[in-house]
Amino acid sequence: IDQLYSEGIYVATAVTDLPGCKRLVSVRGNGYMAGQLAAELLDKFNAGKELAVFTSSDGVNISLENVSGFLEEAEKRGLYVVSKYETHDIPQLAREAVDHLVEHYHNVKGVYISTANSIAVCERICELKLENQYQLVTTDLFEEMQPYLASGLIAATLFQNPKKQASTVIHELVSHIDTNNKQPKEIFITPQVVLQSNCKEFQSL
């Protein structure tokens, strides 16, 4: 990205950011707020005092923001995040993480999944016939989630509006080009809470 910048080519990032590089625009979901919301929701859902979080990787900026918000809000509420699993968006790693969670953390009933790698988690929990023992707060919204929202395993999911992120980053990049504006800019899309009762409203977004 720095090489492109030196050649006069404007670069923007979406979904996550690459701190320290010379990108002009970054448009992404407000990961810190999403993490805060997840902790608050699990608290309000009475998911217990011990929680776990499934994330992508500490090497991904948006994952760091998600986890940071989750940990800080959980601490404020007297909740304990006893385990963090990095699944690198690989379904098999997510399934193995579920097995480890079930075996080693018997008191955990509330789980925050900060990436879209949630279906493998849901599938494994159901295979173990433990769907009535967990409440999940997940990320994004797609068709495969519907049965788990309907059953209540996914208590809520946090919608980050990827179409809005895409349109915003294009608009901002064009604006920077038109005005020859080289001032870096960050834009955060506010996450929205999707529940069983309102999920249909988000399916076309």
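Select helix 4 (residues 91-104) and helix 5 (residues 119-127): they pack at an angle of about 40°, with axes 8 Å apart. Axes here are lines fitted to C-alpha atoms, for helices over the stretch in contact, and angles run from 0 to 180 degrees between N-to-C directions. Helices (H or I, at least four residues) and strands (E, at least two) are DSSP runs, numbered from the N terminus.

Before moving on: this is a predicted model, where local features need pLDDT of at least 70 and side-chain atom pairs count only at pLDDT 80 or more, while totals for chains, interfaces and linings use all residues. Residues are numbered from 1 along each chain as its sequence is written, and side-chain values use heavy atoms, with hydrogens and water left out.

Helix 4 and helix 5 are therefore oblique to each other; under 35 degrees would count as roughly parallel, over 145 as roughly antiparallel, 65 to 115 as roughly perpendicular, and the rest is oblique. Now show side chains. On helix 4, pick P91, A94, R95, V98 and D99; they meet A120, V121, E123, R124, I125 and E127 of helix 5. Contact means heavy atoms within 4.5 Å. Colour these residues by type and you get six nonpolar, no polar and five charged.

C122 is buried, at 0% relative accessible area (buried is under 20%, exposed over 50%, partly exposed in between, with a 1.4 Å probe and protein chains only). C199 is in no disulfide either, and its nearest cysteine sulfur, that of C122, is 14 Å away. C199 is buried too, at 6% relative accessibility.

Jump to A12, in strand 1 (residues 12-14). A12 is partly exposed, at 25%. Which residues does A12 touch, leaving aside neighbours within four places in sequence? Select V25, V169 and L173.

Last stop, backbone torsions. Most residues other than glycine have a negative phi. H88, in the loop between strand 4 (80-86) and helix 4, has a positive phi, near 55°. H88 is partly exposed, at 42%. Then go to D140, in the loop between strand 6 (135-139) and helix 6 (146-151). Phi of D140 is positive, near 70°, and D140 is partly exposed at 21%.

Key: Nonpolar A, V, L, I, M, F, W, Y, C, P; charged D, E, K, R; others polar. Disulfide = S-S within 2.5 Å.
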